[in-house]
Structures are given as C-alpha cells and as structure tokens.
Amino acid sequence: DLKTKQERSPEQPLLYCLKAANGSGKDQVIIAATIMWYLCTAKRSRAVITSFSNRQIVQQTEPWIRWLGALLNKKLGRQYVRSVRMHHAIPEIGSRAELFVTDEANAGEGYHPDPGGRMMLCMNEAKGIVHEVYEATARNSGYDTFMQISSPGRNSGDFYLTCIEADEYPKPLTLGRWWMRKITGFDCPHLPEAQRLAILKAGGGGDTNPLYESSWMAEFSSISE
C-alpha cells in the first residue's frame, strides 16, 4: 500500500542500491543531498560514508556535502552546519557525518548509532570496495539505512551480487530487502549527446560494447574497474 508510511528501523532498515551512468550526479544529487537531509531531520543522526577511492571522497563526495552545508548556513543566517575535513556536524541537534576511505578492511567496522540516535551507512563507488570491507561492514549494527551507490563495472563482486538480489523499480520497496534503481545516460538531460557518442566510439562501436554498457547504460559487463 503506497499510501501507508513505512518507518525504517534497525530491525527493518531501508536497503537501497543505485547503479547509475558515469556523470549522472551520484555524489551531487543523491549522496550529498541524502546525507544532509538525514542529518537535519532527526536529533543525533549519524551518517558514515565510505569509498575505495580517496579521490572520490576528497574531490566528489565531500565538496558537495560542504556546499549544501554552506547553503543551509546562509539560509538560516548562522553557522548551523560545521565542517572540517572528512567530518560534518550539526552541534545543535547532535548530528554528524564521517567520511573515510576503505584502505584497510577493518576500517569499515565498529560504527554504531549514538545513544538515542539513528545511523545510516553509505558505500560510494561500491563496485570497487573489496569483499573484506563488506565483511567488516557486516559487523556494524543499529543502522536504519544502508545505501550502495556506484557506476557498474565487472559482472562480479559484492555490489553486483547486491544488485542481482535486489527488487528493482518499479517493484515496490520493502523494508529489510534490497531495492534498486537504475539511471542510464538517457535519463540525464544534462549529459550531452557528444559524450554518448564518444563513449560509443571509445568502446569500439556498437551499443553492446562493454564500455558503453557500463558507462552509459548502467549495466554490468565484462569490463574491469
């Protein structure tokens, strides 16, 4: 029943995965906005964001979180969101976001909600996160939201298996089960046709070449990361 509001919880978390074309706006539109919304909408909200790539965190994910925090501060006329490298907090309500790179498997474990609060996990460019980090993440408890977001790569690995397992839109979302959306380059009006043609040519021509399938059509293929 789509008219019935579902409340996520540690017992029935929201499990969301997104496979999307390169350049579709995963960091700017989905991750940063979701993180800022999560921090603002309940006291003592904790968001933990990771990626296998330091470049992804430093140059893509964190700048957009910082930008939205600055916009919110300007709107409110005070420093509501405070940001330092890899940490963003709203001290007034005890909410915070932490970003880290999965350079060590055990770096992904040991995260839990603050007392009386809630927690979400987010894996960015999940296709590159190794199995040992997924195992470490399984040791975390108490989260009510878990997001895995990536452009697709090779048709193997933990992110691939999550997508295979998930119910795909337009199937209804069921809390406690993985639910997936796919965004192709055709769904992104800001991506120019010239980019699509360049990817098509670079992949060797034909819309079934692995590069085009992965980068534009958001499908897993034989191409490596």
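In this predicted model, strand S6 gives the most to the lining of the largest cavity, contributing three residues. That cavity has a volume of about 80 Å³. Its lining is made up of 11 residues, of which Val48, Thr50, Phe100, Leu121 and Thr137 lie closest to the centre. Two elements, strand S2 (45-51) and strand S6 (118-124), each give two or more residues to this lining. By class, seven of the lining residues are nonpolar and four are polar, with no charged residues.

The second largest pocket has a volume of about 220 Å³. Charged residues do occur in the lining of this pocket: there are four of them, together with four nonpolar residues and one polar residue. Among the residues that line the pocket are Lys5, Glu7, Trp37 and Arg118.

Across the whole structure, 10 salt bridges are found. In one of them, Lys19 pairs with Glu219, with the closest N and O atoms 3.1 Å apart. This pair links distant parts of the chain, 200 residues apart, since Lys19 belongs to strand S1 (residues 14-20) and Glu219 to the segment after helix H6 (210-215). Lys19 has a relative accessible area of 6% and is therefore buried, whereas Glu219, at 30%, is partly exposed.

Glu219 also forms a salt bridge with Lys182, the closest N and O atoms being 2.6 Å apart. Lys182 lies in strand S9 (residues 178-183), 37 residues from Glu219.

A further salt bridge joins Arg96 and Asp114. Arg96 is in strand S5 (residues 95-101) and Asp114 in the loop between S5 and S6, so the pair ties together parts 18 residues apart in sequence. Through shared partners, salt bridges join Arg46, Arg96, Glu98 and Asp114 into one network.

How values were computed: Residues are numbered from 1 along each chain as its sequence is written. This is a predicted model: local features need pLDDT of at least 70, side-chain atom pairs count only at pLDDT 80 or more; totals for chains, interfaces and linings use all residues. Side-chain values use heavy atoms; hydrogens and water are left out. On a 1 Å grid over the protein atoms alone, a cavity is a set of points where a 1.4 Å probe fits but cannot get out, and a pocket is an open set with protein on both sides within 12 Å along at least five of seven lines; lining residues have an atom within 4 Å of a point. Grid points are joined across faces, edges and corners, and a volume is the space filled by probe spheres set on the points. Ala, Val, Leu, Ile, Met, Phe, Trp, Tyr, Cys and Pro count as nonpolar, Asp, Glu, Lys and Arg as charged, and the others, Gly among them, as polar. Helices (H or I, at least four residues) and strands (E, at least two) are DSSP runs, numbered from the N terminus. A salt bridge is a side-chain nitrogen of Lys or Arg within 4 Å of a carboxyl oxygen of Asp or Glu. Buried means under 20% relative accessible area, exposed over 50%, partly exposed in between (1.4 Å probe, protein chains only).
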